[in-house]
Amino acid sequence: MTIDELAQEYRQQYNVLNAKIEGLRPLLYIYTGEDLYLLRRRLKVYYDMACECRRISKMLTHYYDEEEA
């Protein structure tokens, strides 16, 4: 697997996590109490994971750019 392929895998995982977030977001208006708390925690974890995937993907995509500079 090349670095570019790995970057693509991270981009795909980022898209999957964003789809999960978008799917759960409407439930924020329905849930209350403990269920709302747990949903917010889950969304926070998904958001943090998506941010890391995006950051790593960008880092890998520009890996060769930094090497030449």
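Here is a short tour of the structure, from its core out to its charged pairs.

The model is predicted, so local features need pLDDT of at least 70 and side-chain atom pairs count only at pLDDT 80 or more, while totals for chains, interfaces and linings use all residues. Residues are numbered from 1 along each chain as its sequence is written, and side-chain values use heavy atoms, with hydrogens and water left out.

**The core.** Start by selecting Leu 17, Ile 21, Leu 24, Leu 39, Leu 43, Tyr 46, Ala 50 and Cys 53, the 8 residues of the largest nonpolar core (buried Ala, Val, Leu, Ile, Met, Phe, Trp, Tyr and Cys residues joined through side-chain atoms within 4.5 Å; buried means under 20% relative accessible area, exposed over 50%, partly exposed in between, with a 1.4 Å probe and protein chains only). Helices here are DSSP runs of H or I, at least four residues, numbered from the N terminus.

**Tyr 46.** Next, click on Tyr 46: beyond its neighbours within four places in sequence, Tyr 46 is in contact (heavy atoms within 4.5 Å) with Leu 17, Lys 20, Ile 21 and Leu 24.

**The salt bridges.** Now look for 3 salt bridges (a side-chain nitrogen of Lys or Arg within 4 Å of a carboxyl oxygen of Asp or Glu).

- Glu 22 and Arg 25: the closest N and O atoms are 2.9 Å apart.
- Asp 48 and Lys 44: N to O is 2.9 Å, and the two lie 4 residues apart in helix 2, about one helical turn.
- Glu 52 and Arg 55: the closest N and O atoms are 3.0 Å apart; Glu 52 is partly exposed at 38%.
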